[in-house]
Amino acid sequence: MSRKSPKGTRARLTHIGPDGQARMVDVGDKQVTAREAVARGRVRMSAAARRLVRVGALKKGDAVQTARLAGIMAAKGTSTLIPLCHPLPLDGIDVTIVPARDGYAIESRVRTVARTGVEMEALTAVSVAALTLYDMVKAVDRTMTITDVELVSKRGGRSGDYRRTPARRRPRASAAARKQGQR
């Protein structure tokens, strides 16, 4: 199964076999190399909820540390959550959660020396940390949103390095244009 990639070359979905069935990729012939992936995401929440998290006033306890530990544990268990992921020996997992203007920013960095990369582990760490933060805070803010979960960079392996280029922000519509769109 192939399609045209943006660069004009043929791209192939590696998890789809010649028979069209999902399969685990055989990485046995790949080189063992040092690999690293960085992912990030956000949890947007109300100012009141941010204040409660910051001062440690939630009934469930320290939301940031609980979410950070959940992210680390999730990275370690990625292959049990995502069916076609390889179990990997992880050398390092860092999850940071910092206050942001509209909530909390989450970033994970995962490292290994293996035959396949750790992008899914980094993305899983961010996702589960965000879900845990949501769970810890939902009693005081059910309007929270989890957004912008993305791979920031990856290093190592046959396909080479990748770094996300910053997306250009779209201009925000004027109040009149937004009102017009609601009609």
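What follows is a walk through this structure, from the overall layout to a few individual residues.

This is a predicted model, in which local features need pLDDT of at least 70 and side-chain atom pairs count only at pLDDT 80 or more, while totals for chains, interfaces and linings use all residues. Residues are numbered from 1 along each chain as its sequence is written, and side-chain values use heavy atoms, with hydrogens and water left out.

Let's start with the parts list. The chain has five helices and seven strands. Helices here are DSSP runs of H or I with at least four residues, strands are runs of E with at least two, and both are numbered from the N terminus. Read from that end, the elements go β-β-β-α-α-α-β-β-α-β-β-α. Of the 183 residues in the chain, 36% are buried. For burial, the cut-offs are under 20% relative accessible area for buried, over 50% for exposed, and partly exposed in between, using a 1.4 Å probe and protein chains only. As for contacts (heavy atoms within 4.5 Å), take those between residues at least 6 apart in sequence: 67% of them join residues at least 24 apart.

Now find the sheet. Five strands make an open sheet in the order E4-E5-E3-E6-E7, with antiparallel pairing. The edges belong to E4 and E7 (162-163), each with a single partner strand, so one side of each has no neighbour in the sheet. Two strands count as paired if DSSP finds at least two bridges between them.

E4 (residues 90-100) pairs with E5 over ten bridges, antiparallel, and the two form a hairpin with two residues between them. Next, E5 (residues 103-114) and E3 (residues 33-44) pair in the antiparallel sense over twelve bridges; here Ala39 stands opposite Ser108 in E5. On we go to E3 and E6, which run antiparallel and are joined by eight bridges, with Arg44 opposite Thr145 in E6. Finally, E6 and E7 run antiparallel with two bridges between them, and Ser153 has Arg163 in E7 as its bridge partner.

While you're in E6, have a look at Asp148, which lies in that strand. Its phi is near 55°, a positive value in a residue other than glycine. Asp148 counts as partly exposed because its relative accessibility is 41%.

Helix H1 is the next stop. Its buried residues (residues 47-55 make up the helix) are Ala49, Arg50 and Val53. Looking down the axis of H1, these fall within an arc of 100°, so they line one face of the helix. That arc is taken from the directions that run from the helix axis to the C-beta atoms. What do the buried residues of H1 pack against? Their partners are helix H2 (63-76), E4, E5 and H4. The face turned away from the buried side carries the exposed residues Arg54 and Val55. After H1 comes Gly56, with a positive phi near 70°.

Thr116 sits in the loop between E5 and helix H4 (119-137). Thr116 counts as buried because its relative accessible area is 17%. Leaving aside neighbours within four places in sequence, Thr116 is in contact with Val27, Lys30, Arg35, His86 and Leu88.

A search of the whole structure turns up one cavity of 30 Å³ or more, and the largest cavity has a volume of about 30 Å³. On a 1 Å grid over the protein atoms alone, a cavity is a set of points where a 1.4 Å probe fits but cannot get out, and lining residues have an atom within 4 Å of a point. Grid points are joined across faces, edges and corners, and the volume is the space filled by probe spheres set on the points.

Which residues line the largest cavity? They are Arg35, Glu36, Ala37, Gly117, Val118, Glu119, Lys154, Arg155 and Gly156. E3 and E6 (145-155) each supply at least two of the lining residues, and E3 gives the most, with three. By type, the lining divides into two nonpolar, two polar and five charged residues. In that scheme Ala, Val, Leu, Ile, Met, Phe, Trp, Tyr, Cys and Pro are nonpolar, Asp, Glu, Lys and Arg are charged, and the others, Gly among them, are polar.

Methods:
1 Å grid on protein atoms, 1.4 Å probe; cavity = no way out; pocket = protein on both sides within 12 Å on 5 of 7 lines; lining within 4 Å.
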